[in-house]
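Subject: Handing over the structure, with notes

Dear colleague,

I am passing this structure on to you, and I would be grateful if you read the notes below with the sequence and the model open beside them.

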Amino acid sequence: MFGPTDLKKNTLITLDGQPFKVVEYAQKVMGRGGSIVNVKLKNLVTGAVIPKTFKGQERIEPAEVLSRKAQYLYNDDGTFFFMNPEDFEQFELNDELVGSARDFMKEGDELEIQFYNGTPINLVLPKNIWLAVTYTETAVKGDTSSSIVKDATLETGLVVKVPAFIKTGDVVSIDTESYAYRERKK
């Protein structure tokens, strides 16, 4: 059990017997040391997003979630297929559950999938991911400062802004939440 101030984005909780993920979090401190926490919760079974307010000393139950590694196999018309590398069991996730993670996944990648009562409910990406640049314009000679940015297409098809010195074939680190370029692999 934890209190409302222990919540943060992506925390998994149980509410009315259902698993939820915190997608937005805001805390408001009231007089005399009390506080309220406003969150938006995504139901990991139905996909519905609901607002919820917790007051100071309320107790919140964490979701009993099991995490397992899974290898991404392929995508077929909005259905994503994965395999447990230990027992080779295959399972699928729908497009809605995969969400923006699709922008970062390559066939063969090993990812973490969370299960609730045996049902896959959430795909967890690392904070940063390395991807190869498959296409970007060549920088104009002398125009390679890091303050100038250009579009780069990555191996997953994702297009991000990168510094002018990045070339096709470079491997770059991308923040999976903000889609921001972080660094080039040496």
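Residues are numbered from 1 along each chain as its sequence is written, and side-chain values use heavy atoms, with hydrogens and water left out.

Confidence

The protein has an average pLDDT of 88, and 96% of the residues score at least 70; pLDDT is the predictor's confidence in each residue, on a scale from 0 to 100. Confidence is lowest in S10, where the mean is 84, and highest in S14, where it is 96. Where pLDDT is low, the predicted coordinates should not be read in detail.

Strands and their pairing

Helices (H or I, at least four residues) and strands (E, at least two) are DSSP runs, numbered from the N terminus, and two strands pair if DSSP finds at least two bridges between them.

Strand S7 (residues 79–83) is joined to S8 by 5 bridges, and the two run antiparallel; the bridge partner of Met 83 in S8 is Gln 90. The hairpin of S7 and S8 has 6 residues between the strands, and in it Phe 88 takes a positive phi near 65°.

S14 and S15 run antiparallel and are joined by 3 bridges, with Val 172 opposite Arg 184 in S15. In their hairpin, which has 5 residues between the strands, Tyr 179 takes a positive phi near 65°.

Gln 114 lies in strand S9 (residues 110–116) and is buried, at a relative accessible area of 12%. Its side chain makes a polar contact with the side chain of Asn 122 at 2.6 Å; such a contact is a pair of N or O atoms within 3.5 Å, where within protein one must be able to donate a hydrogen and the other to accept it, and residues adjacent in sequence count only if both atoms are side-chain atoms. Not counting residues up to four places away in sequence, the residues that Gln 114 touches include Leu 12, Val 65, Thr 119 and Asn 122, contact being defined as heavy atoms within 4.5 Å.

Leu 111 is also found in strand S9 and is buried, with a relative accessible area of 4%. Leaving aside neighbours within four places in sequence, Leu 111 is in contact with residues including Tyr 72, Phe 82, Met 105 and Leu 125. Leu 111 and Leu 125 are 14 residues apart in sequence, and their C-alpha atoms are 6.6 Å apart in space.

Salt bridges

A search of the whole structure finds 7 salt bridges, each being a side-chain nitrogen of Lys or Arg within 4 Å of a carboxyl oxygen of Asp or Glu. In one of them Lys 127 pairs with Asp 175, with the closest N and O atoms 2.5 Å apart. This pair links distant parts of the chain, since Lys 127 is in the loop between strand S10 (119–124) and strand S11 (128–136) and Asp 175 is in strand S14 (residues 171–175), 48 residues apart. Lys 127 is partly exposed at 47% relative accessible area, whereas Asp 175 is buried at 11%.

Arg 184 and Asp 170 also meet in a salt bridge (3.6 Å, N to O). Arg 184 is partly exposed at 27% relative accessibility, and Asp 170 is buried at 13%.

With kind regards

Technical notes:
Predicted model: local features only at pLDDT ≥ 70, side-chain atom pairs only at ≥ 80, totals over all residues. Buried < 20%, exposed > 50% of the residue type's maximum accessible area, 1.4 Å probe, protein only.
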